[in-house]
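Here are my notes on this one, in the order I jotted them down. Have the coordinates open while you read.

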Amino acid sequence: MEQPVSIVAKEFRLDAKVVSGIKQLLDEGYGIPYIAAYRRDVSGGLDELQIAAIRDGIGYFSELEERKREILAALEQKGELTPSLRSGVVNCGNRAELEDLYFPYKSKKRAKVEIARKLGLEPLAQRIWEQGDEQEDVETICRTYLKPGDEHGEAEILESALAIVAEYIVQSPEVRHDVRDITWREGELYYKRNPKCNRPIPMQSVPEPVSGVSHHRFMELWRSEVREQIILHIKVDENEVLKVLDKAVLKNEKSVWRPHLVTTIRDSYERILAGQIEREIVQELKRRADEKAVALIDSNLQALLLKPPLPGRVVLALSHNSADELQTVVIDQLGRLLEHQTMITPVTVEAKQALIKFVEDEIGMHN
């Protein structure tokens, strides 16, 4: 498998030596501002934003390569690792597409499908999936899969075989890619009130385009869902999705299986695929919102930490944190730390008077 450094070098069109040098400095604990300012010989003169992008790219592709190794090991252990599947996993450059490749091989409960396979209906499912029959009678074909003394009829045989076909549809990388793509492009994010919540919700459920929802808006919705106030959903024009699915699955207009496939496509989407893709996209929105929030905090904190001290002034700063602690810091005219104390947030009159006296004493001491 290709190494993350060489992948990132190709993505950013940089010399692999530059990317490797930056990675080495980051691994040794050097900060991005230091690398940009003082190690231009290694970074090739890249600015802080470019170096941060390289760091994030290396992290992403390192995780991707690690996930590939996990999937290859799992497939090999199950005896499912074919040369073509190995090639697909090794050459995959996207996490979602990688998970699509592995999805059919995950261990999961599939009672109806497993029963159908034990009945020997996999060949019938394959026959339906290939859609080659044009003149034959469906009931007659299904009857040939009945065994002597079998209590099942033709209808039950067809239903069981279609359960396997539904799995083919749900597990198809092409289908999952197409449904995910149209949901990203045309889906709208909205929410419903959680039945567990009896309090009024201070927000209105106005559908917002999935591709355009702001990071801070999504985090607001996510926090409300975590507090069990709302339940997030994504809605998309089902007719448009089904058109995409029909195009991906239906191959022969004259096939006798076509009406049954049309019904199975709709059942597969409504019962399984829509919910799976919705959860994937919500998780991806959360990941992007987290990255944006961390980047914003990083930017604000960097500006705050690099801000010069007030010239000729001693500064007393007080900060209250979520643990009900009051942090007090005193710095001199050059920004050097003179004093740092932590105390419990005062709630009684005596404690408040003690805090006022402390502040007055600090002012008198350092004035």
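Contact, throughout this note, means heavy atoms within 4.5 Å. This is a predicted model, so to speak: local features need pLDDT of at least 70, side-chain atom pairs count only at pLDDT 80 or more, and totals for chains, interfaces and linings use all residues. Residues are numbered from 1 along each chain as its sequence is written, and side-chain values use heavy atoms, with hydrogens and water left out.

1. **α8 against α11.** Let me start with the pair formed by helix α8 (residues 111–118) and helix α11 (residues 154–171), whose axes are 9 Å apart and pack at an angle of about 120 degrees. Axes here are lines fitted to C-alpha atoms, for helices over the stretch in contact, and angles run from 0 to 180 degrees between N-to-C directions. Helices (H or I, at least four residues) and strands (E, at least two) are DSSP runs, numbered from the N terminus. The angle makes α8 oblique to α11; the scheme takes under 35 degrees as roughly parallel, over 145 as roughly antiparallel, 65 to 115 as roughly perpendicular and the rest as oblique. The crossing is left-handed, that is, the near helix is turned anticlockwise from the far one by less than a right angle, with clockwise giving right-handed.

2. **Who meets whom there.** From α8 come K112, V113, A116 and R117, and they meet E159, S160, A163, I164, E167 and Y168 of α11. By class, this contact has five nonpolar, one polar and four charged residues. For the classes, Ala, Val, Leu, Ile, Met, Phe, Trp, Tyr, Cys and Pro count as nonpolar, Asp, Glu, Lys and Arg as charged, and the others, Gly among them, as polar.

3. **α5 against α6.** Helix α5 (residues 48–78) and helix α6 (residues 83–90) have axes that come within 10 Å and cross at roughly 165 degrees. That makes α5 roughly antiparallel to α6. The crossing of these two is right-handed. On the α5 side you'll find K68, I71, L72, L75 and E76, meeting L85, R86, V89 and V90 in α6. Those residues divide into six nonpolar, no polar and three charged.

4. **α1 against α5.** Helix α5 also packs with helix α1 (residues 4–12): their axes come within 9 Å and cross at roughly 130 degrees. α1 and α5 are therefore oblique to each other, and α1 passes α5 in a right-handed crossing. P4, I7, V8, E11 and F12 of α1 meet A53, I54, G57, I58, F61, S62 and E65 of α5. The tally for this contact is eight nonpolar, two polar and two charged residues.

5. **Two residues of α12.** Both R176 and I182 sit in helix α12 (residues 173–186). R176 counts as buried at 1% relative accessibility; buried means under 20% relative accessible area, exposed over 50%, partly exposed in between (1.4 Å probe, protein chains only). Which side chain does R176 join in a polar contact? The partner is E280, at 2.8 Å. A polar contact is a pair of N or O atoms within 3.5 Å; within protein, one must be able to donate a hydrogen and the other to accept it, and residues adjacent in sequence count only if both atoms are side-chain atoms. Leaving aside residues up to four places away in sequence, R176 touches D100, F103, V170, Q171, L273, Q276, I277 and E280. I182 is buried too, at 3%. I182 and V244 are 62 residues apart in sequence, yet 8.5 Å apart in space, C-alpha to C-alpha.

6. **The α9–α10 loop.** D133 lies in the loop between α9 (122–130) and α10 (138–143) and is buried, with a relative accessible area of 8%. The side chains of D133 and R127 are joined by a polar contact of 2.8 Å. Not counting residues up to four places away in sequence, D133 touches R127, I141, K254, S255, V256 and W257. Q131 is in this loop as well, and counts as buried at 1% relative accessibility.

7. **Backbone check.** Please look at Q131, which has a positive phi of about 60 degrees although it is not a glycine. E228 likewise has a positive phi of about 60 degrees without being a glycine. E228 is found in the loop between α13 (215–226) and β3 (230–235). Buried or partly exposed, which is E228? At 38% relative accessibility, E228 counts as partly exposed.
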